[in-house]
Amino acid sequence: MKRILIDAEKCMGCKNCSIACAHARRPSGSLYDIALSDPETESRNTILLDGKKQYKPLFCRHCARPSCANSCMSGAMVKDAKTGHVWYDRHKCAQCFMCVMNCPFGVLKPDRATGKYVVKCDFCKDRGSEPECVKNCPTKAIHVKEVD
Amino acid sequence: MKHVIIGAGAAGITAAKVIRENRKDDEIVIISTDDAVYSRCMLHKFIGGSRNVAELSFIPPNFFEENNIRWRSNKTVTGVNIKEKRIVFNCGKCGKQSNESYDRLLLATGSQSFFPPIEGLRPGPAVCTLRDLSDAKKIRMKADNAKNIVIIGAGLVGLDAAYGLVEMGKTPTIVEMGQHILSANLDPRAAMTYQAKFEEAGCRFIFGNRVKSIEFDDFGTSGTIVFESGDKLPTDLLIVAAGVSPAIGLLKSSGIPYNRGVIVNEYLATEAEYVYAAGDITGLSESWPSAISQGEIAALNMCGIKSVYDDILERQNTVNFFDIPSLSVGRLNPEPGDVVHIREDQQRYQKVITQNNISVGVTLQGDISRSGFWQYLIKHKIPINNAQESLWKTSFADSYELDANGEYKWAK
Amino acid sequence: MTQRFSCTTCQSADKPLERFVADLPLETSFHRVESQEVKCGFGLQGVCCRLCANGPCRITPDSPKGVCGASADTIVARNFLRAVAAGSGCYIHVVEGTARNLKKTAKSKGRLVGLKALDRLCAMLGIEGADAHEKAEKVADAVLTDIYKPLFEKMELTQKMAYQPRYKLWDKLGILPGGAKSEVFSGVVKSSTNLNSDPVDMLLHALRLGISTGLYGLTLTNLLNDVMLGEPEIRLAPVGLRVINPDYINIMVTGHQHSLIAGLQSRLTSESAIKMANDVGAKGFKIVGCTCVGQDLQVRGSLCTGFFDGHAGNNFTSEVILATGAIDAVLTEFNCTLPGIEPICDALLIKQICIDPVAKKANAQVMNIASPEDEDAILKEITAAYKARRGNVPLNLLPNHGNDNTLTGVSETSLKAFLGDTWQPLIELIASGQIKGLAAVVGCSNLMGAGHDVLSVELTKELIAKDILVLTAGCSSGGIENCGLMSPEAAELAGPKLKAVCEKLGIPPVLNFGPCLAIGRLEIVATEIAEALNIDIPQLPLVLSAPQWLEEQALADGAFGLALGLPLHLGLPPFVTGSPVAVQVLTSDMKSLTGGHVLINGDAAESATMLEEIILQKRKDLNLP
């Protein structure tokens, strides 16, 4: 499967990945006109800081054994046997947020604006190209690779 | 080889899927009382009217065909003959008894509602539980004209029913023996948030007053609840949500040993040869993720792939009423020697209980964003990393590692 | 262990304040730190360039130059120069306004409180006049003429103000400033798109800005204010949130331009004002000191009795002071006026009045303050706010915060007078080693690192424990005083030798010169001591630290320190570490130019040790024990 690999040491904390991710969900517009303080402008990824203030990029891994999908009781979160990715269908989601609780790395969250769906990486599958976060990382701290 | 699975819930469906993934040509039969596959945790959405039956499903519509699974719905298994490797069932429609042979059998019947021993409390036209889709249908139908809806039990199931009813525009009264709602799910502070919201929506709570008896009229359509205090409460729809127990009725004369639930070993095999169990019937855990995981492990063993069930079982649940999400893992309330850390404002409440710097309980309400790591920390008894200046800054960052495939792993 | 939400970064050196903030029902800067914690590394290193449409360009191993070809060195130096120019512009605005106020006062034969100060200033600048008003007008004109000069005309007062060895060196280095406003202008032009690309030239320009900022923006602003408002006198005064008296109509001031409210403040104790207050149920009007203008009121506190009870807190304390609910109006004329006060003012019905539009807050009413009628109009607005809000807004006071005996009123003149009109006693204490050296702990507070005022306070404690006498100016004063280090009892925290000195003289081990503007007073102290010893300033066992520098103005102050040849300690780097050249020049090569250099360390103990080593080396070079 394809996975976004992370080289945390290259991360500069610029949040380009986050703004690119938020932008990737918009039907039109550009980075110039994205409403950055709008709660709808939400990124799937984020950057954590460890105790030494080192940047630790937090991106959905589309895990081999996805705890999110295994805790989903509505069928909204499903591991795709073909691509290996974990897809999320907000229309099926019952807002139980068991996936949020069960993601061992704390990647998932309810959306900020409505609290009615889960903010989850979709690998930019509908854009037909590399994930926007990867395209927009200035230091190549993230890149897509085929893994087992 | 023929695999027979009793129950079309989370464990049964998962097992069927996993068997198919590993055994392309084996025969798979699912037998269930239910005539629909649905998630029990969403039944309140059916009562409330926000979902229809199809929308309660947690599997794709063509699941059975695609996986070549024979589903025998509307059939209630009444017995297991382990010598002949046969199960006996009643047809729900015609009532006719029939049977099905197996090479491997999975018991995944889940659990059933528990009727507390209250004088006069028995099934009847005005009495419901909330476990199956049929229960939800009955509640939805009866509630339309009911004037005095009473729910016994303010646990998650009782409040699910209440929430569905509120969405229907009803204002049930909830009777709880304890002192606060959701006592198995939240601490009193977090529970109070929801209680206030339910009250705002018109619901009434009666705490700490034990029901002595229930007197129904001759038709069983309305009655009076009599409390030990002497207070009385009329009801024309009584929903009993006093708890559940593993659905082991079918094992009564089977010779398969059980206590509260059916006894299984680490491979989820019962003491009867070729018979496995997964989900609530094992009594190991009542959570959805455990049912999925047990279904998967049992299925692998049924396929001859030795797999050990080694989930770390820790009490955990989420609650989401009135768009206020909560989650709790581990201890709800501190034990002697524990340290309690709390922070809160109008919208949010967070509590972490630690013992020797290891988190043993977490309750989050209002904001549960990116908080999944707590569950992992608690299950794996990972100490709070002191590199951060505050416990609230705890995250995966201080144990951040990646494996060769780019998956995260918790650094030792 | 219950705490309010989002306050995991509320740490303050001032623990009662920290707890108070943690329980506030209002959001403050403290609450916002956490959500801004992940900083962009390009920004931190100063290698993000937004000067043209090809940008923003960032420097990485794969993209070592901007589209235009600018290197990290060029990008960093441009960004740095822009910041220093802006910071200098701020201080030049302050001295310009102050000089214009002095001129106006002189022309209208208004009250000049500090006549001795006027005479000293005239002597220094070589100005003569028939009477005080003529002298004052000439002084003001001399300052204004200088700062309005073009770039290619050197300012004339520089030579009169500066210590001569320094002046000669600056001349030799070619960094004598032209007109102060033109220097700002030129710095902005130079650092614009595709103009200057020479990092060293731009860093030297920062030094020119440092000199004009220091001598004009800082030193002269104090001296002009001394003429109009009167001179500081050493005394003990209360500080902290305790100074807020809810029985009065309270006006919190923020800014740097004390002379703007000279008329208003004297009006507050007039019969008519007191009647106005009494009519709405208040005992009178009080100014509650906040930020540097509050410090300026405090150092001149002996002349402000009746309407000023003390300094409540510094820049990041301002939101908290408002949150007490006992402030009825904010009077704003400059920074540090945080945007964060706006929602608090809205929530607590606090009137926002701006008397200098450079600090216009979104919801503030701009009110000119040119005449007594204007002052009346302002008092009416404030009285109306008091009437509308008191009783409707809950009070949340912290009456035990701070202390009652902070030593204040320290200036180059009052300190010298205290020592017997000579620096000799201080020089002897330094020479004998009773005082190991002097450290000026100046600048702001920021909320990075360990938290609000933490490094300033901890560093100060470390320094006094090493028998180093600390002198403060700026928001650092506000934090350090609220933590009690400027009370005579703080002598207990000093090393044995400094403690003995403090006990003998009845002074604390930290001397509070007041606002950041008073960095100019510290420069005079340094100059006069150097003069007395016939050595240059860099030879003095004196170090400068802006441990919690916050803003562009602080960078301009820092450039002044470097021009003076002082070792300059900073807790955080000034967004330059992406440039090897800038780092080399600032931390090392500067020593061979001016004698100064930058050292960066965020740890109090380590920083104190580094500064002590510098002081010990300077003592050794002077053959002092």
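Two residues are in contact if their C-beta atoms, placed from the backbone, lie within 7 Å. The views below show a predicted model, in which local features need pLDDT of at least 70, side-chain atom pairs count only at pLDDT 80 or more, and totals for chains, interfaces and linings use all residues. Residues are numbered from 1 along each chain as its sequence is written, while chains are lettered from A and ligands numbered from 1 in the order in which they are written.

**View 1. Where chain B meets chain A.** Here 40 residues of chain B are in contact with 40 residues of chain A. On the chain B side, α7 (288-302), β19 (316-321), β20 (324-330), α8 (373-379) and β24 (400-402) each supply at least two residues; helices (H or I, at least four residues) and strands (E, at least two) are DSSP runs, numbered from the N terminus. The most comes from α7(B), with four residues.

**View 2. The domains of chain B.** An automatic or database domain assignment sets the bounds: domain 1 (2-112 + 244-302), domain 2 (127-240) and domain 3 (326-410). Between domain 1 and domain 3 of chain B, the C-alpha centres lie 35 Å apart. Across the chain B trace, the principal axes span about 70 × 60 × 35 Å.

**View 3. Helix α20 of chain C.** Eight of the eight residues of α20(C) (residues 475-482) are buried, so this helix is largely enclosed by the rest of the structure. Buried means that 20 or more other C-beta atoms, placed from the backbone, lie within 10 Å of the residue's own. Among them are C:Cys475, C:Ile480 and C:Glu481. Just after the helix, C:Gly484 takes a positive phi of about 90 degrees.

Conventions
Buried ≥ 20, exposed ≤ 12 C-beta atoms within 10 Å, placed from the backbone.
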